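I opened the model to look up how its chains meet. My notes follow in the order in which I took them.

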Amino acid sequence: MEAIFIILTGALVAMTCALLGSFLLLRKMAMLGDAISHAVLPGIVLAFMISGSRDNFIMLIGASLAGLLVTLLIELLHKKIHLQEDASIGISFTWLFAIGVILISAYTEQVDLDQDCVLYGEIAYVPFDLIYFSGGELFFPRATIISGLLFLLTLGFVLVAYKGLKITSFNSDYAKSLGISTLAWHLVFMSMVSITTVLSFEIVGAILIVALLVVPPATAYLLTKRLKQMLVLALIFAALSAIGGYYLAVLLDASIAGAMVSLAGFFFLLALIFSRIRSRSLKVDAHLKG
Amino acid sequence: MNDVWAFFSFSDPTVRIVSLGTVFLAMSASVVGTFAFLRKRALVGDAIAHAILPGIAIAFMLSGTKNPIVLMMGALISGWLATWAMEYITEKTKLSNDTAVALVLSVFFGIGIMLLTHIQHSGSGNQSGLDQYLFGKAAGMTEQDLWTYSVVALLLLIVVISLYKELKVYSFNPDFAAVSGLPVKAIRRILNLVTVLAIAIGIQSVGVVLMAALLITPAAAARAWTSSLKIMLFLAALIGGISGLSGSLISYLSPAMPTGPWIVMTLSIITLLSLFFAPQRGALSRLLKQRRHSQKILNENLLKVFYKLSVERKLEEAGLNVGELQAERAINKSDFAAAIKRLKRKNWLLAEGEKLKLSSIGLVEAKRVVRLHRLWEMYLSQRLNLKEDHIHPNAESMEHIISPELEALLLKELDFPTQDPHNSPIPYSN
Amino acid sequence: MENQTALEVHNLTASYQRKPVLWEIDFKVPSGHLIGILGPNGSGKTTLLRNIMNLMEADSGYVKIFGKDLDVVRSRLSYVPQRESVDWNFPASVREVVEMGRYRPGNLLRRLKSSDKQKVKAALEKVGMLAYADRQISELSGGQQQRVFIARSLAQEADIYLMDEPFVGVDAATEEAILSLLSELRDQGKTVLIVHHDLQSAYQYFDWMILLNTRLIAAGPKEEVFNSTYLREAYGGKLNLLSKLGEIIAREQFPLREPDFKEKEGSGDE
């Protein structure tokens, strides 16, 4: 029973990340996802210290502020101080992450997070934090409900915002020329990424969020040229990584999140080999014909 | 306070080892990281740092020991593989570079975490302390470790010094490097190798997650102070070393505190201060420069008003009062008063009771500004083919910018004209 | 549409990395012409286009389209960026890209209307790409990609078309096809401004020209502009004085307009 909840939660988180990550990939902003996932740590820790609990709402606010802070810091360093972009990103998120770790070490009593958990989450504990419905008859883990809602929210967002995401990802200058506010779209999109990062932090940890954002979409991108197909394939690989990853972790008695990512990486490798063989054989064909 | 003295007396051998080791690690990472910074590959360094984790785990699993040399070999292989993978994915697929970096970073790290937790849970004993690689725990450094790191750090230094010229060209001007026959591929491979090595040992102090900071942040700080590569490398090493020392100090004073984040904290603060306060390139100096410019502009605009009223319109030989001046040009009262004060201080203006008058050197200066304005208008009209009614705004700005050297060029270009396109005379001072 | 001023650029100075690349550009362009913007590499041609479309901020001056600000008449303009400015590996079909020409800030969250889809179809037909409508853009040749960009632009049904180097890397047949399409637009009274890379074909293609080399050399009918004097000036290297001034401006970050300065519209200043 517990296994089902863990797998379901993992799959929901992975699929949410797959949807957003596909556009992150197309917008060539994969490293911004990395930056945000590190930078939200101090926000989460402070929220924890203030609220004294794992109240998601306060954590969401704390982390969103941290996400906003890192974005502003990067902008300040890059645009106003004219520091190169990669260094602006690198310095900003490592600094914020360091602050987060220091806070955890300094306030270990108040903060119920340990350093390792921060990196790779505690999805194994998901089934033990339950919410009860209908007078105790029905229950679901809190995390599963939240990831379910998050997935629905993200799915709705992608469906409604599909055209806007397409044009601002493909040709932002052209979009601007039509009067579309690419800045607004960027901020809304990054907010969705931040919200997802924060809510999934507890479950899969900082670094592994990045993997879920990038790897299944990258795998899908290698296999198809159509956007709708890419999104569907990304969802499939995400779900498979979650399901298979759980069993791999059980087999090896290892971190579930780590196993999910390793499996996602394995799928990517397969797709990579497949696409290289396919392109070689196309070249041979062309060579033979021409 | 006693503790701080105790630390710096270096009488405790552990303190000696830990602080020396951390400083060496930090310095070699900072030097190597400077090249990564110049090639704009900060995030690649981050990826490599995360990617060495599985190498360490596998090395441990295969050898059953925590011998640092063995683990470092594992780290090297893993790091090297990651570098190759990022390049391969970028070159051979339609995936972009940033995706390749994020992918390699997270997948390798995920595999590393999976193996690490597997080791921890398998209870084979002897496995504790492997997770120090995540955040760094310099306190566990032994004398043997110190020797290993010193040798490696020295090696890195030797490589950088002997290949200095080639690395310099490659970092600042890779296209030129390729064209001028430098073995670009070999240089890139050596630089990659050296970077992976520096990272493999550097994570002892700051851990995997924050390693990128140790590579890039000192370089960013150094860059704010200079554009000379030699000085940059020296400064980066210095800043890295200081941060390493301060991280060790804080860890010593408060054992619950991890070394890594405090090293990064020190680095970040030094860097942010540098970016803000460094002369010339710093943000503060830029703000001050802008203020100087606004003052110069106000001063010179005021001089022009004096010139127009007293010389051209021949008003009041005895001087002008503030009201007449204010009527001529719209400047707000406080700026106006401040400018008058500055002009008086430079002795370009003389006060005669209520009235103000240009001094003789003030007149020379006023003529210069008016001359530049009208010369520039000639230039705009003749060389840029702008019509008479379109040249004034740009000339208003340029009159403050043209240096004496450029004025000489301008005069030669236009062949010492006597009138501007509006037929106003161009004043010369002799 | 009779001869009105389609575009007015007034005292436009614009910088790249704090160094001016356009100095006080000033000209007016009448409607109903096929206009070539010419000049050597780095002369500011693309910067000019980007400034007209307000994709970047200018240091001074203004641009007016049909006498109004861009935001007021935006729907009458269509911008075709350089083909290489886009990643053609993006997973989209030809039709999907052309459909973007019907997107507006107001309709992004809704589906396209059937009238929009009709216009897309018509545009595809005009450029001869209807048969490829469902092909993925990564499978197209350079010329086909350019046709898709033009179709997207046509779908906007604009009055002014701004195109950045549409003939680069394109096969001869496509070049001819695009040119005849643009001439047709001109004959319908539309205004087409093209940043062009090739001097040889310029005289044949355009009826009006703008010669740039960080400053305006000449702007007018081709017979007046395309002569050896102007061409020599345009292609004879940058003005030394401007380059040196540009360096000082970049280094010292001097402002190019004083803060209290208000751009006067029309003509007439001191």
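Entry 1. I began with one ion pair: Asp173(A) forms a salt bridge with Arg50(C), and their closest N and O atoms are 2.7 Å apart. I note here that the model is a predicted one.

Entry 2. I then asked how many salt bridges there are between chain C and chain A. The count is four. I also looked up polar contacts across this interface and found 14 residue pairs, both partners at pLDDT 80 or more.

Entry 3. I looked up the extent of the same interface. Chain C puts 34 residues into the contact and chain A puts in 26. The two chains bury about 2800 Å² between them, with 61% of it on carbon and sulfur atoms.

Entry 4. I turned to chain A and chain B. Here 56 residues of chain A are in contact with 54 residues of chain B. The buried area is about 4800 Å², and carbon and sulfur atoms give 75% of it. On the chain A side, Met31(A), Trp95(A) and Ile102(A) lose the most area to chain B, together 12% of what that side buries.

Entry 5. I searched the interface of chain A and chain B for salt bridges and the rule finds zero. For polar contacts I have 13 residue pairs, both residues at pLDDT 80 or more. Elements of chain A that give two or more residues to the side touching chain B include α2 (30–51), α4 (85–106) and α12 (256–289). Of the elements, α4(A) gives the most, with 15 residues. I sorted this side of chain A by class: 36 nonpolar, 12 polar and eight charged residues.

Entry 6. Ser78(C) is found in strand β5 (residues 77–80). Is Ser78(C) buried or exposed? Its relative accessible area is 0%, so I list Ser78(C) as buried. The side chains of Ser78(C) and Ser153(C) are joined by a polar contact of 2.5 Å. Leaving aside neighbours within four places in sequence, Ser78(C) is in contact with residues including Ser153(C), Gln156(C), Ile160(C) and Tyr161(C).

Definitions and conventions:
Residues numbered from 1 in each chain as written. Chains lettered and ligands numbered in written order. Predicted model: local features only at pLDDT ≥ 70, side-chain atom pairs only at ≥ 80, totals over all residues. Heavy atoms only, no water. Contact = heavy atoms within 4.5 Å. Buried area = accessible area lost by both parts, 1.4 Å probe. Salt bridge = Lys/Arg side-chain N within 4 Å of Asp/Glu carboxyl O. Polar contact = N/O pair within 3.5 Å; in protein donor to acceptor, adjacent residues only side chain to side chain. Helix = DSSP H or I, 4+ residues; strand = E, 2+ residues; numbered from the N terminus. Nonpolar A, V, L, I, M, F, W, Y, C, P; charged D, E, K, R; others polar. Buried < 20%, exposed > 50% of the residue type's maximum accessible area, 1.4 Å probe, protein only.
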